[in-house]
Amino acid sequence: MSAQTPRDKVDRACLWIRENPALFRKIMHLAHIEAERGNGSFQRDNIYDAARRRGIPITDARELRRDHNLYSVLSRYMVMLRPKLARCINFRKSDVDEIDLVERWHEIVNPSTFFLADTWKDAKSAVEAEDASAS
């Protein structure tokens, strides 16, 4: 099996979002709750605990536990859509950062989606600057 290219990883995540929009929204909702609580770290492994505490079933997201690349891209999209989430979602450098995530989303998920930040770095900057988009 050949290694996935950065674009393959992004496209796979976009397809996952397109096929699981309600689940993606649930995960974003959990991240919002954690950001409001002041949690400084909401990572892939925290999703299940946060969901269980709130009685939210997300058993359909089992593949997130096995696939680091999927959550890496999903979390980037979450903070680009809602920069406030950059308060609790932290990032490491990834090869997917070389891909235009907005373009891939528009081509695969929804061409009319508006992103408040073009990259996760822009979202982090908005949080640090206390920009209204990150409130």
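Modeller: Let us begin with Glu34, which is buried at a relative accessible area of 1%; buried means under 20% relative accessible area, exposed over 50%, and partly exposed in between, with a 1.4 Å probe and protein chains only. This is a predicted model, in which local features need pLDDT of at least 70 and side-chain atom pairs count only at pLDDT 80 or more, while totals for chains, interfaces and linings use all residues. Residues are numbered from 1 along each chain as its sequence is written, and side-chain values use heavy atoms, with hydrogens and water left out.

Colleague: With which side chain does Glu34 meet in a salt bridge?

Modeller: A salt bridge is a side-chain nitrogen of Lys or Arg within 4 Å of a carboxyl oxygen of Asp or Glu. Here the partner of Glu34 is Arg37, at 2.8 Å from N to O. Arg37 is exposed, at 54% relative accessibility. Both residues belong to helix α2 (residues 21-37), three residues apart, about one turn of the helix; helices are DSSP runs of H or I with at least four residues, numbered from the N terminus.

Colleague: How many salt bridges does the structure hold?

Modeller: There are seven. One of them joins Lys9 to Asp95, with the closest N and O atoms 2.9 Å apart. Lys9 is buried at 13%, whereas Asp95 is partly exposed at 30%.

Colleague: Which residues are linked in a network of salt bridges?

Modeller: The network links Arg7, Asp11, Arg104 and Glu107.

Note on methods: Helices (H or I, at least four residues) and strands (E, at least two) are DSSP runs, numbered from the N terminus.
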